[in-house]
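Open the model in your viewer and keep the selection tool at hand. The tour below goes from stop to stop.

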Amino acid sequence: MAEHAVNFAAASKAALQDSQLRGNFRRAMDGLMSKRAVQFADAKEWHTMRALAASVRLRALAKLPELLEQLETNLTRNGIQVHWASTTAEANAITLGIMRKANATLAVKGKSMVTEEMHLNAFLEDHDIEVLESDLGEYIVQLDGTMPSHIIMPAIHLNTKQIAHLFKQKIKDAASTGEDAAALTDLARRILRQKFMNAGVGMSGVNAAVAETGTLCLIENEGNGRMCTTVPPVHIAFMGLEKVVEKLEDVPPIISLLPRSATGQPITTYVNMISSPRKEGEKDGPREIHVVILDNGRSSVYADPELRDTLRCIRCGACMNHCPVYTKVGGHAYEAPYPGPIGKILVPQMEGLAKRGEMPHACTMCNACVEICPVQIPIVEIMGRLRVEAVHPSASVKDSGARASKTEALVWKGWAAMNSSPLAYKIATTAMSAVGNAAPGSLPLLKEWTSVRSKPRFAPRTLHDLARKKGIPNV
Amino acid sequence: MSDARAAILGTLRRTRDAHPVTPPPSDFTPLAEKQWPPEERLPRIRRMMEAVHTEFLDATEADWPAVVTDFLTRAGAANLLYAPGTADGAKLANAHSPSPPRGEGRGEGDAPQPRTSQEEVSATPNTDAVAPPHPNPLPGGERGNIAGDLRLIPYDRPIEDFKQQMFEGIDAGLTGTLGAIADTGSLILWPSADEPRLLSLVPHIHVALLRADALYDSFWQAMRDQRWADAMPTNALLISGPSKTADIEQTLAYGVHGPKRLVVVIVR
């Protein structure tokens, strides 16, 4: 992966011109927002529940190293093998090792955003291992050869017609399938059932890992997660190191808020809690379970007390649904595993500000995401902090200072000087009133502003002038 | 790889100790407050689960095998996978067996013992496709074909021994439950050696028995009352409807990977 800067502005410009895409997102996000609002009609319940969920996540972060050790101890005691990976490359290598040992050439995967961070599918395919995404949305995106555009609804950028067309192109017996969602879903069911049956390894993410009992909790609607974690002889679960919670009792608050925030459902169809591989006498379930605990920059996020709050996230995606920027440009414009508000604060910290310096700027700071975040992450504050980090070298964030610009620094220095001296201020504002309107918008510095906005009209008299004329004292 | 472990835990510990967090206390009151009067729990569960296409049947301890058989026959199911080692499974088999010592102790009491149908059905998949008429048909008259067309298949061996049949030849699966949750309309299942995990996942129709007195207000309450944290099973599940997706343009479609239909039999 090259460390060149990802150009969000260019990608979003292209997205904005795609009216089909904008329509797809607008409709979907409007639907999701109104469904969520119904779930949280009781304001008191919302406030107390999110305070509880936030406390659960904060307590987990307060004891993070101890809880990870306790989790490892209890998982191991339960017969689940634990692997640690500092980088995505290490995690990929661990996965390949497990697959090779199991002689597996086909893996089925339930939704896992951590494996998107790892680019695991591409890595395994390079080693002649087939990985099939089994969540319907992920399956569609995989067929299309693209990335998920939303962490909960990966194929939200496509409409039914586009998906029907894709199926016709890529699946042999799709020609006779109708173009409605039910028929397309049924086709995917038939194809994927064969794969569940034959896969040597099942892969999944983890929504919460319970230190107290050594339990992996997964939530989903389709049943593909249960298939992946029950049918193949080996199950590999991938989790970011922040996914641990202290007690089993800490799971219900998360299970309650996550689906309600994400899709406006009171609960997902399945809550799947796994504490052990197949025991003696049991007739199904994997004989081996592996958990890969991935760092990939999270421990440096954790190191900074302000940025640490990024790790509270439970990946509900509600911040995307409510973000005015995300809704207009869609998920692909970010070119990142995590788009939208949480992506804008998480990805720059993981991948560095040289590559991702634009991301924290793709935000109007409207605070909508902060208001609906079920674990009260101060997303906008962190966004502001990252903007500062991008221009000021420090030890806190990878590649901080990467966007520092001498010109910009000079402009702000001048701006400060002008505003701190009454004489300089008077001269400057009088000059702007007199000749500002005559200055062409194409001037250097001004151009940056006028390329996307109309040039402001300067009033013929300054505010101070007018006030003085009115006889207001002390101006 | 243990290098990664040491590095990760080292960084976390060092930086946490440099900037410790004091989390606010966790106040579980909002979960404790999720309560419904006992008589409202079942209607609420039913309403919430029906909203996501779950079907309900009413039955008694005495007649649930007949109710299940009748429903599945009408639904066009040719067979039913069940757990022969559970009390419910034994009862079902007993109700289907051709000439068991059925003293009609139905209703209360312990699970019936006979397991006669187990070998018969499993060993000869085709020859005994036609079971005898149900001994306890529902009132109303379709005796004859009520039990006649539904073949019982016991889940009595490791999945590896009949994977293909499981995926391609099973119409319905029957499980018990540990109860249901009023807050979200969810069934609680703890699969076991006797009642395996795939019974509630692979068959197109999942039939679940719910005892009408095993109802909880919330997941949190159920977990505390049943003391889950003391000893978690291999797999614990909440199931709140048939398998579904909205991944194609937010249009709800049922029966993606798991059961297309979830049928809850309320046993009083």
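How many bridges join strand β2 (residues 79-82) of chain B to β4(B)? Select both strands: they run parallel, joined by 2 bridges. This is a predicted model, in which local features need pLDDT of at least 70 and side-chain atom pairs count only at pLDDT 80 or more, while totals for chains, interfaces and linings use all residues. Residues are numbered from 1 along each chain as its sequence is written, and chains are lettered from A and ligands numbered from 1 in the order in which they are written.

Helices (H or I, at least four residues) and strands (E, at least two) are DSSP runs, numbered from the N terminus; two strands pair if DSSP finds at least two bridges between them.

Stay on β4(B), residues 172-175. Here B:Gly173 is the bridge partner of B:Leu81. B:Ala208 in β7(B) stands opposite B:Thr175.

Now look at the two faces of β4(B). B:Ala172 and B:Leu174 on one side, and B:Gly173 and B:Thr175 on the other, are all buried (20 or more other C-beta atoms within 10 Å of the residue's own, with C-beta atoms placed from the backbone).

Move to the boundary between the chains. There, 66 residues of chain B are in contact with 77 residues of chain A (C-beta atoms, placed from the backbone, within 7 Å). On the chain B side, select α1(B), residues 2-18; α1(B) gives the most, with 10 residues.

Finish with β9 (residues 270-274) of chain A and β9(B), which pair in the antiparallel sense over 5 bridges. B:Asn235 in β9(B) is the bridge partner of A:Ile274.

Methods. Two residues are in contact if their C-beta atoms, placed from the backbone, lie within 7 Å. A residue is buried if 20 or more other C-beta atoms lie within 10 Å of its own, exposed if 12 or fewer, and partly exposed in between; C-beta atoms are placed from the backbone.
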